[in-house]
Amino acid sequence: MSLNPPPEETPGLRRRFVVSSVIIAGVFFILALRLWFLQVLGVEHYRDLSERNRIRYVAIEAPRGAVFDRHGALLVDNRPAFTVSALRQEVGDRENLFATLSALLDVDEEKLAERWKEGQRLPRYRPLPLLEDVGREAMEKVQENSVDLPGILVEVKPFRDYPHGELAAHLTGYLGEVTEKELGKPSFEGYRSGEMVGKTALERMFEDRLRGTAGQKRIEVNVRGRELRQVTTRSPLPGQSLYLTIDTNLQKAAEEALGDQAGAAVALDVNNGEVLAFVSRPTFDPAWFARGITSDEWRELIDNPRRPMTNKALRGQYPPGSTFKMIVALAALEAGTATPSTTFTCNGSFQLNKSFEYRCWKKRGHGKVDLHKAIKESCDVWFYRVGLEAGIDRISDAATRMGLGQKTGFPFGAERSGLIPNRAWKKKRFGTSWYDGETVISAIGQGFVLTTPLQLATMTAALANGGTVWKPQIVQKIVDLEGATEWMLKPEKLNVTAWPKAAIAAVQNAMESVVNDVGGTAWRSRLEKVRFSGKTGTAQVIRRQDDDEEELEDDEIPYRYRDHALFVSYAPAKNPQIAIAVVVEHGSHGSSAAAPVAKAMYDAYFKDVSDNEEPVKVVFRD
């Protein structure tokens, strides 16, 4: 029995008890309210977050559309390739991982580090490609040693494939990763960082047709982001296919004939402007860009003084030299300042105003020369005099009507226009008057006159067909997945000139003699089975300072100072189907460097024609 009385319940004690009870009840109320919010009101939101953490959407690259030649031969395709990638969230000791991978696959650790750095802009959950197109052996090594390579996996992706190597590389173009700047443009809406896009030529111009539609897979991942299973998959749709106007055999013949020389060759169908061959040398391997070009490879390309990355057929601007003489002849014949029988005597030079002497390439002279002989033997003196009589404005007008000095509209967006000068141009450009001496040198395709190989081919096709200038076109049709034609080429006339028939005939007959008659400057390049017409040209790069320099042999002149060699031609002479323009940079002579290239091309193009058999006339749509 306790002798102590129970504590007395004071008002202060009661108040503390009440306050404590209210606080505890409030805490429980807040907890219950929060639980209700999470379980009831926020259930959709948190279920979505949970789903996102567990389920991810991964894009599946679409194979780009294939590219074929005019006969259906494959020029550019896709093939499955193995890519070694890294899941960054699973990579712990990166340096140790790179060292292991480097030793296993014999690759530079710096290259791996560089790719890692470049891939930082990719979403972290997306595999970061470290090595592309590694081959089956490397793939097997990675899989066999996966225990020692945490975070490394092998993916299979479509890889741009070039069955003919570097053939027509300047025509098809190359791919590269989309840049941050491009991603900011409306035209690249929907592209993802790291995606491959067309950078040049056809790959760029027809990007929207070739790209295709990416697929998507819905995957379940673990807490480390690694794929556990595929929930759903939507297959990608390949891009549309391009059928070009190119003839692969002709393209090969041209590239092989040019070989290591720098220059360009363009072949056109004279009756509709379709491009049959389009060559720029030296060139590059587009596969380098598809797998990711290395810094050493890029330096190798851009440090090459012969500029393999420049499309010389489209952007090379050269004095046309004597291939311009047909234009001067047409201008003079149309104006009536000369006739086919207008004759001058060439003694090796022409004296202008008793102050300036202009030499003919043949020091001893050509003797008595009319139009036919002037073109056949390429007499400079005849054209000095006829050009001076016709005047620069008539020459300029004739050249412009035949497609020179202006862009042809070739769909690459990087075409250069060349230059056909006249009096107004010089006044505007330099603020000075035109001089007769400038007309004299313009008459042999020198001075300010500049043309591209594509323009020379266009001009030659017009000479062959009687004066119609066709727009050069390269895509014959675009075909969708089901094989239906989405787009079809329609030949387009740039101009229809109205040269007197006798003038065109005189020029054509002379061009035929250039190749087929003894004394013609391209006689050594004639073919037995097909009779073709042409005109040689030699364009000075720098002016010779004196007689001693004139006497130098080609191999005594530094390469960069040697003359450019040119040759324009069409075939067959009496039934023209194809026109060809060839430029060999620093090739010295059109007859020995450029004409043989055209000869090889005709040999390939007419390979099924037996000796002395007239090629079958081909009827083209208008």
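Analyst: In this predicted model, Pro 236 is found in the loop between strand S9 and strand S10, the latter covering residues 241-244. Leaving aside its neighbours within four places in sequence, Pro 236 is in contact with two groups of residues: Ile 60, Glu 61, Ala 62 and Pro 63, and also Thr 213, Ala 214 and Gly 215. Thr 213 lies 23 residues from Pro 236 along the chain, yet the C-alpha atoms of the two are separated by 5.7 Å.

Strand S8, residues 215-221, pairs with S9 in the antiparallel sense over 6 bridges. One of the residues taking part is Lys 217, whose bridge partner in S9 is Thr 233.

Is Ser 241 buried or exposed? Ser 241 has a relative accessible area of 15%, under the 20% limit, and therefore counts as buried. Apart from neighbours within four places in sequence, Ser 241 is in contact with Ala 66 and Phe 68, and with Lys 477, Ile 478 and Val 479.

Strand S18 comprises residues 475-479. S10 and S18 pair in the antiparallel sense over 4 bridges. Within this pairing, the bridge partner of Leu 242 in S18 is Ile 478. Strand S18 is mostly covered, with 4 of its 5 residues buried. S18 is also joined by 3 bridges to strand S19 (residues 485-488), and these two strands run antiparallel. Ile 478 has a bridge partner in S19 as well, namely Trp 487. S18 and S19 form a hairpin with 5 residues between them, and Gly 483 in the turn has a positive phi of about 90 degrees.

The peptide bond from Arg 281 to Pro 282 is cis, with omega near -10 degrees. Pro 282 lies in the loop that runs from strand S12 (275-281) to helix H11 (286-290). Another cis peptide bond, from Ala 571 to Pro 572, has omega near -15 degrees. Pro 572 is placed in the loop between strand S22 (564-571) and strand S23 (578-584).

Positive phi values also occur in residues other than glycine. Arg 307 has phi near 55 degrees, although it is not a glycine. Arg 307 is found in the loop between helix H12 (295-302) and helix H13 (312-315), and its relative accessible area of 38% makes it partly exposed. Ser 378 likewise has a positive phi, of about 60 degrees, and is not a glycine. Ser 378 sits in the loop between helix H15 (371-376) and helix H16. With a relative accessible area of 5%, Ser 378 is buried.

The buried residues of H16 are Asp 380, Val 381, Trp 382, Phe 383, Tyr 384, Val 386, Gly 387 and Ala 390. Gly 391 follows H16 and has a positive phi, near 90 degrees.

How does H16 lie against helix H14, and at what angle do their axes cross? The axes of H14 (residues 325-335) and H16 (residues 380-390) come within 9 Å and cross at roughly 45 degrees. The two helices are therefore oblique to each other. H14 passes H16 in a left-handed crossing. On the side of H14, the residues that meet H16 are Lys 325, Val 328, Ala 329 and Ala 332; on the side of H16, they are Asp 380, Phe 383, Val 386, Gly 387 and Ala 390. By class, this contact has 6 nonpolar, 1 polar and 2 charged residues.

Methods
Residues are numbered from 1 along each chain as its sequence is written. This is a predicted model: local features need pLDDT of at least 70, side-chain atom pairs count only at pLDDT 80 or more; totals for chains, interfaces and linings use all residues. Side-chain values use heavy atoms; hydrogens and water are left out. Axes are lines fitted to C-alpha atoms, for helices over the stretch in contact, and angles run from 0 to 180 degrees between N-to-C directions. Angles under 35 degrees count as roughly parallel, over 145 as roughly antiparallel, 65 to 115 as roughly perpendicular and the rest as oblique. A crossing is left-handed if the near helix is turned anticlockwise from the far one by less than a right angle, and right-handed if clockwise. Contact means heavy atoms within 4.5 Å. Ala, Val, Leu, Ile, Met, Phe, Trp, Tyr, Cys and Pro count as nonpolar, Asp, Glu, Lys and Arg as charged, and the others, Gly among them, as polar. Two strands pair if DSSP finds at least two bridges between them. Buried means under 20% relative accessible area, exposed over 50%, partly exposed in between (1.4 Å probe, protein chains only).
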